[in-house]
Amino acid sequence: MRNPLSIIRRRWSDSDDVRTDGGTAAERTPFLQRESVRSAPFWLPPFLLVALFVYGAILWNIVLSLTDFTGLGEPDYTNLDFENYVVAFTGGTPSWSDLSVEPIWNSLGNTVALMVGFTVFCLVLGLLLAILVDQEIRFENTFRTVYLLPMSLSFVVTAKFWLYMYNVETGLVNIVITSLGFGPVEIVQNPDLKLAAVAFALVWQFSGYAMIVYLAGLRAIPTSHFEAARVDGASTYRLYRRVVLPQLRTATVSALVVLTVFALKAFDFLFSMYSGYQPGPSADILATRMVREAYANSNWAYGSAIAVVLFVMALFIVAPYIYSQYRRGAL
Amino acid sequence: MAELTLDAVTKVFQEGDGSEVVAVDDVNIDIGDGEFLVLVGPSGCGKSTTLRMIAGLETISSGEIRLGGSRLNEKQPAERDIAMVFQSYALYPHMTVRQNMSFGLEESTDLDDDTIRETVTDAATTMGIENLLDRKPGELSGGQQQRVALGRAIVRDPEVFLMDEPLSNLDAKLRAGMRTEIQRLQEDLDVTTVYVTHDQTEAMTMGDRIAVLDDGELMQVGSPLELYHRPANQFVAGFIGDPSMNFFDVSHEGGTLVGDGFEYPLSSDVASDLGETTDCVLGVRPEDVSLVESATDAHDFRTTVEVVEPMGNENNVYLSFGDEPSDEEPDQRFVATVGGLRRVERDSTVVARIPEDSVHLFDAATGDALHNRVLEEDVETQATIN
């Protein structure tokens, strides 16, 4: 996201060259001599590519969501309306179908639950790990690598791996549960546990990332702050609570944005875990619903509408972050 | 009573490969109530480690630190009733000046918010920063941050102030101003203070007493003048004073010191101080070397001016023995400080007088002082009463 935006802004900032008083003819740089024009061979190709394939595709998707495009054939752009969004939030029978369509509330709820649960647990666990690893322990690098390693795995590998872990007869998780006296539990297909199981596996994969971000933040705090707080009489808990945590705000925000976006993209994980985009209603998220509507039911326009909802959610998460970064001059 | 006692305090660091490094070696200092003690020494001499042991930020390997008679070794920093000013100030960047100053009171006392507010405002007024209370440290200049750091320490009204090179991040002008201010503040508050610095000027001007450390060992404790005029050994003599004391390696041969390019006869009194020692070091402070018209005395030497450093109020004249300017690097060069209005030309030949009253003699092997300069009575009393 960062790259195309910065390109656009750079274009905009060039408009600062234009003088509000209009200047005089003699002062004006000839068009071809302007820096923005002369550097065009460098910025123009990526700019056009990004404009077409990212923003063009988004725009096209938005337009598509306003049509009634289903099945085979070509979309009809003459009759645009918001019917798909109405259907998405209230259900009912749309004009392009004979059957009634489920609203997206269920998958929207699951998406938000997964996003919040996963992100919060990831951050908390990452922070705890970072504080532990920061205690000048032995084999620090080894621990860091061990915790970070899961992140290098693809979603497919993590999903298949946890499928084994959760297995009702041979899975390690179930062996542990059994040994604690709770008997083997069906996890992956259990409607009550599905979403939690997915979130847990994702936390396992990404808490190492949160740890690294927090560790960098902790290392940036001068030792003298810890010492000053101790001399000031703060207990360890109060020290972290009042002196350290507030200084980790930037780290928290960066990790939060990345993790939330990962949670929104958890489609591939669910796809691998449930060998398709039918995880069942209790683990259905917007991404699986969207793909199912589009590719299983050929409700292209309706799928597009769900995609737009997902896009707006991502925008709401990323935009404040980018804006705050921009205001701080980091971009 | 806040008498701080360091009793045979030792700090040993374990290296990664199992070897041990002795950072502070058997240091004994008694710091009286309300006294301003300066710990001074070159980098790595253990002065900061000593301070951090008093603060409780480092464990004490052996020995004991007592405050008002009670043992501090096992106490947490919070329980020691001390306040520390850090070299980097260590102000919490996310808090305003007021919050920074309130933090210690909130964490270590049961005072209610109104009292804390009042105390902080009072301390801020003392430091002249009451108009900065709502700012964050990032919006303050170095000097203002320094004041906040000091304010944060005084607001807690501790038994002991610890200051770890608090002025080293300031520019020279500001440093001189803050030096006086800290001194005045300490006198007003009458709080026992331990101040660490590597700057001998700070040590001389600020301290009631100075403790000189080298390589973890305590070299000497005494008043500034005592250290200046009666150094216990060659290290202290060379460390205190700027420009440093001149040292000449000499051998003692029957009442005469024989050095490289000069001979220095000794009176029988001074010679008897040397006893059997033959290898010694002759020391003389630059301001005691005078440039005279002609050689009339056995302690007058013909020398060549190598370099002149004009300081305005005085000139530092670098001399070498002999009356011929040469291109070679001289074996023995020494400094004389003369009045700023006196003209001394480079490469000219001058007569330097090294009065016997002002020489110090050290054992070349151990560095111990064998003979210190003769003092006029008033200086003498000042140096000893402290």
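How much area do chain A and chain B bury between them, and what percentage of it lies on carbon and sulfur atoms? In this predicted model, the two chains bury about 1700 Å² between them, with 55% of that area on carbon and sulfur atoms. On the chain A side, Val231(A), Asp232(A) and Arg242(A) provide 41% of the area that chain A buries against chain B, more than any other three residues.

**Confidence in chain A**
- The mean pLDDT of chain A is 86, and 91% of its residues score at least 70.
- Among the elements of chain A, helix H3 (residues 40-65) has the highest mean pLDDT, at 94.
- Helix H1 (residues 2-14) of chain A has the lowest, at 55.

**Residues in the contact**
- Chain A contributes 16 residues to the contact, and chain B contributes 24 residues.

**Salt bridges and polar contacts**
- Between chain A and chain B there are 5 salt bridges.
- A salt bridge joins the side chains of Asp232(A) and Arg156(B), with an N to O distance of 3.4 Å.
- There are also 11 residue pairs in polar contact between chain A and chain B, counting pairs with both residues at pLDDT 80 or more.

**The chain A side of the contact**
- Helix H10 (223-231) and helix H11 (236-244) of chain A each supply at least two residues of the side that touches chain B.
- H10(A) gives the largest share of that side, 7 residues.
- By residue type, the side of chain A that touches chain B consists of 6 nonpolar, 5 polar and 5 charged residues.

Conventions: Residues are numbered from 1 along each chain as its sequence is written. Chains are lettered from A and ligands numbered from 1 in the order in which they are written. Side-chain values use heavy atoms; hydrogens and water are left out. pLDDT is the predictor's confidence in each residue, from 0 to 100. Helices (H or I, at least four residues) and strands (E, at least two) are DSSP runs, numbered from the N terminus. Contact means heavy atoms within 4.5 Å. Buried area is the accessible area (1.4 Å probe) that two parts lose on being put together, summed over both. A salt bridge is a side-chain nitrogen of Lys or Arg within 4 Å of a carboxyl oxygen of Asp or Glu. A polar contact is a pair of N or O atoms within 3.5 Å; within protein, one must be able to donate a hydrogen and the other to accept it, and residues adjacent in sequence count only if both atoms are side-chain atoms. Ala, Val, Leu, Ile, Met, Phe, Trp, Tyr, Cys and Pro count as nonpolar, Asp, Glu, Lys and Arg as charged, and the others, Gly among them, as polar.
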